[in-house]
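Colleague: I am new to this structure and would like to go through it with you. Could you take my questions one at a time?

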Amino acid sequence: MIRTQRLAAGVCALLAALTAGIAFPAGAVADETDQAAPKVELVLDVSGSMRARDIDGGSRMAAAKQAFNEVLDATPEEVQLGIRTLGANYRGNDRKTGCKDTAQLYPVSTLDRTEAKTAVATLTPTGWTPIGPALLKAADDLNGGNGTRRIVLISDGEDTCQPLDPCEVAREIAAKGIGLTIDTLGLVPDAKTRDQLSCIADATGGTYTDVRHKEELSDRVGELVDRAADPVVTPVATEGAAQCANAPALKSGLYTDHEEFGQQRWYKVAVNPGQELRASVSVADDRATDPDYGVLLRAVTVHGREIVRGEAAGDGRTDMISTGLRYPRPESDDDTATAETVCLQVTNSFSAAAGVKTTPGLPLELTVDVVDGPDKAGDVASFGLGRGWWLLGALVLAGFVAGLLWGWLSRWRVAVWRTN
C-alpha cells in the first residue's frame with residue numbers, strides 16, 4: 001500500500017481553490033524556459049538491516065538495487081543525478097565513527113548509466129543509519145543553481161545517530177530557503193520509522209511513501225526523478241518584518257518564509273490604479289502542535305486601516321492551513337495618481353505541543369499576484385465578500401418576500417378559522 005502525504009501539486013490546487021481562482025501570472029516568478037538543469041540525489045540506506053529478506057522473497061538491498069537500475073535506465077537526459085549512501089562502509093561498533101558513515105557513491109552530474117550501475121552493484125549492507133548527517137551532506141551536494149533540487153531518501157529504519165534529529169535537520173534545510181525538497185520512502189517500515197520519515201518529508205514539502213514490493217519501489221523512485229524534470233516555479237526566499245514600515249517590497253511571485261508560533265509577518269506590495277492585488281498564504285504544520293489553530297491574512301493601508309482580510313481556522317491534526325484575499329484598486333481620473341502601498345499581514349495561531357522545538361519557525365508560502373483589475377472594482381471585493389454581495393442581496397430579498405407571504409397566509413388561515 002502506498003501512502004503519499006502533501007503532494008506539491010495538491011498544495012497549489014488548494015491555494016487556487018481557497019483564493020477563488022487565483023492563478024500564477026506567466027513569467028511572474030521565474031522563466032520556466034530559463035531554468036537550470038534539475039538535480040536529484042538518491043540517498044540509500046545501506047545499514048545492516050537492509051539484509052532482511054521480506055520484499056517479494058528477496059532482501060531489501062536486492063530490491064533497492066533493482067529499483068536503482070531501472071530508474072537509471074529511465075532517467076531523463078536533462079536531469080543531473082547523484083547517489084549518496086549511509087551506513088555503507090563502516091562495519092565496527094564505534095557509534096561516533098558509524099555516525100559519520102555517509103559517502104557520495106556517484107556525483108550529481110550528467111548521468112553515465114553504466115558507471116552509476118557499476119557503483120550500485122558494489123553495495124553491501126553494512127553499518128549504522130546516520131540519516132541526519134547524510135541529509136546535511138546531500139544538501140551540500142545539490143547546492144548551487146536555481147533549478148529543481150530534490151533528495152529521495154530510501155530507508156528501512158530509524159536514524160541511529162541521535163541527538164542529531166533528522167527531522168530537525170530537514171527543518172533547518174527548509175529554513176535556508178534554497179527550494180530543496182526531500183521525498184522519503186520507507187521499506188517495510190514500522191510505526192516509528194514511518195513517523196520519522198513522514199516528518200522529514202513534511203518539513204520540506206515533500207512526500208512520504210510506504211513500500212512493500214519491488215515494483216512499488218521502482219515506480220515511486222522513477223516518478224520522483226521524473227517530477228524533477230517538470231517545469232516548476234521556484235519560490236523566492238524572503239523575510240517578513242515585524243511591522244509594515246520595515247517590510248520587504250514584493251512583486252508578483254511565489255515566496256517562502258518562516259514564521260514563529262503566534263508571530264506576525266509583514267510584507268509590502270505596490271498597487272497602481274486599475275490593478276487588482278490577489279494574495280494567498282499557506283502555513284505548514286510541520287511538527288506536533290496543539291489542536292486549535294488558524295491563519296489570518298490582512299491587507300491594510302500604511303496608516304493601519306484594514307482594506308480586506310482572509311482567514312481560516314481548524315481543530316485537530318492538519319498538514320497545512322491556507323487563506324487568501326483580493327483587493328481591486330479603482331481606476332483614477334487623475335493622470336498623476338501613484339501606486340498605493342498595501343501592507344500584507346500574516347498571523348498564525350498555532351501553538352507548539354509540550355516539548356516541541358519552536359525554532360525554526362513554521363514554513364510559510366505566500367503568493368502575490370498584481371494583475372489588471374475588473375471593469376467595476378467595487379463589485380469584486382466589498383468587505384471581502386466579492387461577488388457574494390449579489391447572492392447575499394438576493395437571499396435577503398427572497399427572505400423578505402417569503403416572510404410577507406407567510407404572514408399573509410397565516411392571517412388568512414386564522415380569519416377563516418374564526419369565520420367557521
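Colleague: Which residues form the negative surface patch?

Modeller: In this predicted model, the negative surface patch consists of E331, D333, D334, D335 and D372. Patches are made of residues with over 30% relative accessible area and no salt bridge, like charges being joined within 9 Å and nonpolar side chains (Val, Leu, Ile, Met, Phe, Trp, Tyr) within 5 Å. Asp and Glu count as negative, Lys and Arg as positive, and His and the chain ends are not counted. A charge is placed at NZ of Lys, CZ of Arg, CG of Asp or CD of Glu. Accessible areas come from the Shrake-Rupley method with a 1.4 Å probe, and for residues only the protein chains shown count as cover.

Colleague: Where does D333 lie, and is it buried or exposed?

Modeller: D333 lies in the loop between strand 14 and strand 15 (340-348). D333 is exposed, with a relative accessible area of 82%. Buried means under 20% relative accessible area, exposed over 50%, and partly exposed in between (1.4 Å probe, protein chains only). Helices (H or I, at least four residues) and strands (E, at least two) are DSSP runs numbered from the N terminus.

Colleague: How many bridges join strand 11 to strand 14?

Modeller: Nine bridges join strand 11 (residues 275-284) to strand 14, and the two run antiparallel. Across this pairing, A284 stands opposite M320 of strand 14.

Colleague: Changing topic, how many salt bridges are there?

Modeller: The count comes to 17 salt bridges, where a salt bridge is a side-chain nitrogen of Lys or Arg within 4 Å of a carboxyl oxygen of Asp or Glu. One of them joins D73 and K117, at 2.5 Å from N to O. That pair links distant parts of the chain, with D73 in helix 2 (residues 60-74) and K117 in helix 4 (residues 113-121), 44 residues apart.

Colleague: What about D210 and R194, are they buried or exposed?

Modeller: Both D210 and R194 are buried. They form a salt bridge whose closest N and O atoms are 3.2 Å apart. D210 is in strand 6 (residues 208-211) and R194 in helix 7 (residues 191-203), so the pair ties together parts 16 residues apart in sequence.

Colleague: Which residues make the nonpolar surface patch?

Modeller: L397, F400, V401, L404 and L405 make a nonpolar surface patch of about 510 Å². L405 lies in helix 9 (residues 388-419).

Colleague: How many residues of helix 5 are buried?

Modeller: Eight of the 11 residues in helix 5 (residues 131-141) are buried, so the helix is mostly covered. Among them are I131, L135 and D141.

Colleague: Finally, how should I read the numbering and values?

Modeller: Residues are numbered from 1 along each chain as its sequence is written, and side-chain values use heavy atoms, with hydrogens and water left out. As the model is predicted, local features need pLDDT of at least 70 and side-chain atom pairs count only at pLDDT 80 or more, while totals for chains, interfaces and linings use all residues.

Terms used
Two strands pair if DSSP finds at least two bridges between them.
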